[in-house]
Amino acid sequence: MSKSKLLSLFVCAFYFIAFVCLASRTHALREVMLGIGALLICLLLSLGCIWFSDEIAVVFDRGRLPELNPDWGFFVRVMGWVLLLLPAIIFVFRKII
């Protein structure tokens, strides 16, 4: 397992544990369960983009000449990291401003 995959797994686990600990104190069980479902969808989308970037990039290729196309796998992986780190970035900006 690559470092990128392992690091993304740790970030997802941190988000999940932090959400469950913080949300269970302040909200009802139904709201917490809905939030966990939404969080899992977002985390799985970003993990999928990071872990399977080359397979997802095949969709963007569409049979064009490989030497004329940029590396779509790298682009998908970067977008996965942006999606994964977006909650932390928003949290930091909200604390600064």
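**Notebook: rings, a helix pair and a serine**

I searched the whole structure for aromatic pairs and got one. I count a pair when ring centres of Phe, Tyr or Trp (its six-membered ring) lie within 6.5 Å; planes under 30 degrees apart are stacked, over 60 edge-to-face, and the rest tilted. Here the rings belong to phenylalanine 14 and tyrosine 15, with centres 6.4 Å apart and planes at 45°, so I noted the pair as tilted.

A reminder to myself: this is a predicted model, where local features need pLDDT of at least 70, side-chain atom pairs need 80 or more, and totals for chains, interfaces and linings use all residues. Numbering runs from 1 along each chain as its sequence is written, and side-chain values use heavy atoms, leaving out hydrogens and water.

(Buried is under 20% relative accessible area, exposed over 50%, partly exposed in between, with a 1.4 Å probe and protein chains only.)

Then I looked at helices H1 (residues 3-26) and H4 (residues 72-96), which pack at about 25° with axes 11 Å apart. Helices are DSSP runs (H or I) of at least four residues, numbered from the N terminus. Axes are lines fitted to C-alpha atoms over the stretch in contact, and angles run from 0 to 180 degrees between N-to-C directions.

Last, I checked serine 46, found in helix H2 (residues 29-51). Serine 46 is buried, at 1% relative accessible area. Beyond neighbours within four places in sequence, serine 46 contacts Gly80, Leu83 and Leu84, contact meaning heavy atoms within 4.5 Å.

Note on methods
Helix = DSSP H or I, 4+ residues; strand = E, 2+ residues; numbered from the N terminus.
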